[in-house]
Amino acid sequence: MTILKKNALSNWMKTATATERAKLAKLAFTTLGTLQQIAGGYRTDGLASTKPELARNLEEASVVLVRGGLPSMKREDLCPACGTCARA
C-alpha cells in the first residue's frame, strides 16, 4: 500500500489565493470544484487521490505557479498509481 502525503493539494490550496487556485484548475484542465474535492479528501479518508493524468497535469501546473512563490506538487503525492510507477 502506498502512503501518500496528507494532503499535498490541501496544503497548496491553503497557501494559494483564490486567483491562484482558479489558475491551477485552468492549467490542469479541471475545475475548482474538483480540486476542492481532491484537497478535502472526498471519499478517500483525507488523502489526495486522483487519476494519473490529472496528477501529471497538477504537477505541471504547480511548476508554472511555483514561480509566484507557491510550492510545487509531485504527482506521486496525488495519485496512488504514480507512487508505485517507475516513470514518476
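Residues 24 or more positions apart account for 60% of those contacts in the protein that have a separation of 6 or more, a contact being heavy atoms within 4.5 Å. The model is a predicted one, in which local features need pLDDT of at least 70 and side-chain atom pairs count only at pLDDT 80 or more, while totals for chains, interfaces and linings use all residues. Residues are numbered from 1 along each chain as its sequence is written, and side-chain values use heavy atoms, with hydrogens and water left out.

The protein has five helices and zero strands, giving the pattern α-α-α-α-α along the sequence. Helices (H or I, at least four residues) and strands (E, at least two) are DSSP runs, numbered from the N terminus. Of the 88 residues, 35% are buried. Buried means under 20% relative accessible area, exposed means over 50%, and partly exposed lies in between (1.4 Å probe, protein chains only).

Two helix pairs can now be followed. Two packed helices are described by the angle between their axes and the distance between the axes. Axes here are lines fitted to C-alpha atoms, for helices over the stretch in contact, with angles from 0 to 180 degrees between N-to-C directions.

Helix α1 (residues 8–15) and α3 have axes that come within 8 Å and cross at roughly 120°. That angle makes α1 oblique to α3; angles under 35 degrees count as roughly parallel, over 145 as roughly antiparallel, 65 to 115 as roughly perpendicular and the rest as oblique. From α1, the contact uses Leu 9, Ser 10 and Met 13, and from α3 it uses Leu 32, Leu 35, Gln 36, Ile 38 and Ala 39. By class, this contact of α1 with α3 has six nonpolar, two polar and no charged residues. Ala, Val, Leu, Ile, Met, Phe, Trp, Tyr, Cys and Pro count as nonpolar, Asp, Glu, Lys and Arg as charged, and the others, Gly among them, as polar.

Gln 37 is also in helix α3. With a relative accessible area of 44%, Gln 37 is partly exposed.

The crossing of α2 past α4 is right-handed. On the α2 side the contact is made by Glu 20, Lys 23, Leu 24 and Leu 27, and on the α4 side by Leu 58, Ala 61, Ser 62, Val 64 and Leu 65. Six nonpolar, one polar and two charged residues make up the contact of α2 with α4.

Ser 62 belongs to helix α4. Ser 62 counts as buried because its relative accessibility is 0%. Leaving aside neighbours within four places in sequence, Ser 62 is in contact with Trp 12, Leu 24, Pro 71, Ser 72 and Met 73. Ser 62 and Trp 12 are 50 residues apart along the chain, yet their C-alpha atoms are separated by 9.0 Å.

Phe 29 lies in the loop between α2 and α3 (32–39). Most residues other than glycine have a negative phi, and most peptide bonds are trans. Phe 29 is not a glycine, but has a positive phi of about 60°. Phe 29 counts as exposed, because its relative accessibility is 71%.

Conventions. A crossing is left-handed if the near helix is turned anticlockwise from the far one by less than a right angle, and right-handed if clockwise.
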